[in-house]
Amino acid sequence: MKINVKRELLLKALQRVSNIIGSRTTLPVLANVMMEAENNKLTFTTTDLELRITTSIEAEVERSGKTTLPAKRLLGLVSKFKGDTVSFDTNENHHTKISCGTADFMILGLTSDDFPVPVDFTAQRTLKIKQCDLARIIDRISYAVSLDDSRKVLQGILFSVREGNLTAVATDGKRLALVEKLLDEVPVGSDGDIIVTLKAANEVKRILEKDGDVVIEIGEKQAVFKIDSTMIYSKLIDGNYPNYKQVIPASFAKKISVPCLDFIDALEIVSVPLFDASSSYVKITFQANKLLFEANSNVGEGKEEIAIEYEGEEMSLSFNPQFLSDPFKHIGVDNVNIKINDAFSPIAIESTDGFLYVIMPMRNK
């Protein structure tokens, strides 16, 4: 393989595919990126056996071929190169000479014969969504995915398609985050549900751009996210996602509009005395036209308040401060509605653009 490629294109391609490679791999070749050169195109592939990422760029191919090179080392080199063009010259032993400007390196690679081959994939359903919309959906709910190994289905994000509507759900059993989005184009194939791993969702979000569409092809046990010249193949989580609708109260007694920035500022300042506390909670109290925040621990206590429109009886609820702050950090709107029934029932935090977050208050004496 002998090729010349623009350094900027090369760097971006390596950044797209190298993130899934861990510090420890079960097979030496899994630490490498496979490079295939033919027809003036250079294709990069990495895999951790759960995810597989491929991306292609234009290249001047003098001699076609393929090899695998240590991905992190190659990325480190290319990020430091000063020249505009990078040249690769690989011999039959997979020793690759890499040149850029005045820099010359020899990197020892591994044969591509040992690189895992892709699993056969047949798309059964296809949907298209704007890249910026999918990025926002993942960001708004991914923090609520369970990190507990005991319930595998909760370790991913549910993507449910019904009659042209996409519903994305994440829950860890203590709180639930949900986004509903009407798709611009009717999906191809039948309605259905898939559970995408958190790692796959985060990789997709990392690569998504502000413009353009992402096409999601869904198979029996795999999904493919096609983002311009990049494709992310991911195994799906097998199993049935719990009926999330059961935890959403059918109605609420009160609905209070709350400014997001003021809410998170007040919550964060009263949470300072809770830092490193073994058990902590923040109490919020709805009073006449104000919302009071209170926290205390063995190192101190504090309170803050913000102005809201509220009438009626005073009501106090206690929450895990992290769980309460998460939706406000990711929701990306100016105001939300907090819907409550009483101090012991689930509350909902809701925006007007399809976001819903449900959380149970803590029971404190």
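The chain exposes about 18,900 Å², of which carbon and sulfur atoms supply 47%, the accessible areas being computed by the Shrake-Rupley method with a 1.4 Å probe, with only the protein chains shown counting as cover for residues. The model is a predicted one, in which local features need pLDDT of at least 70 and side-chain atom pairs count only at pLDDT 80 or more, whereas totals for chains, interfaces and linings use all residues. Residues are numbered from 1 along each chain as its sequence is written, and side-chain values use heavy atoms, with hydrogens and water left out.

Along its principal axes, the C-alpha trace of the chain spans about 80 × 50 × 35 Å. Six helices and 25 strands are found in the chain, where helices (H or I, at least four residues) and strands (E, at least two) are DSSP runs numbered from the N terminus. Of the 365 residues, 50% count as buried; the term buried stands for under 20% relative accessible area, exposed for over 50%, and partly exposed for values in between (1.4 Å probe, protein chains only). Among the contacts with a separation of 6 or more, 67% come from residues 24 or more positions apart, a contact being defined by heavy atoms within 4.5 Å.

With regard to charge, the chain carries 43 positive and 51 negative charges, whose mean positions are 3 Å apart. In this count Lys and Arg are positive and Asp and Glu negative, while His and the chain ends are not counted; the place of each charge is taken as NZ of Lys, CZ of Arg, CG of Asp or CD of Glu. Side chains of opposite charge can pair when their charged atoms come close. When a salt bridge is defined as a side-chain nitrogen of Lys or Arg within 4 Å of a carboxyl oxygen of Asp or Glu, the count comes to 19 salt bridges.

One of these pairs is formed by the side chains of Arg136 and Asp353, at 3.1 Å from N to O. Arg136 lies in helix 3 (residues 131-141) and Asp353 in the loop between strand 24 (347-350) and strand 25 (355-359), so the pair ties together parts that are 217 residues apart in sequence. Arg136 is partly exposed at 35% relative accessibility, and Asp353 is likewise partly exposed, with a relative accessible area of 31%.

A further salt bridge joins Arg175 and Asp326, with the closest N and O atoms 3.1 Å apart. Because Arg175 belongs to strand 13 (residues 175-182) and Asp326 to helix 6 (residues 321-330), this pair ties together parts that are 151 residues apart in sequence. Arg175 is buried, with a relative accessible area of 5%, and Asp326 also counts as buried, at 6% relative accessibility.

The setting of Arg125, which lies in strand 10 (residues 125-130), may be described separately. Arg125 is buried yet has no salt bridge, and the nearest side chain of opposite charge, that of Asp193, is 6.3 Å away. The side chain of Arg125 does, however, reach the backbone oxygen of Gly192 at 3.5 Å. When residues up to four places away in sequence are not counted, Arg125 touches a set of residues that includes Val188, Gly189, Ser190, Asp191, Gly192 and Asp193, as well as Ile216, Glu217 and Ile218.

How values were computed
Polar contact = N/O pair within 3.5 Å; in protein donor to acceptor, adjacent residues only side chain to side chain.
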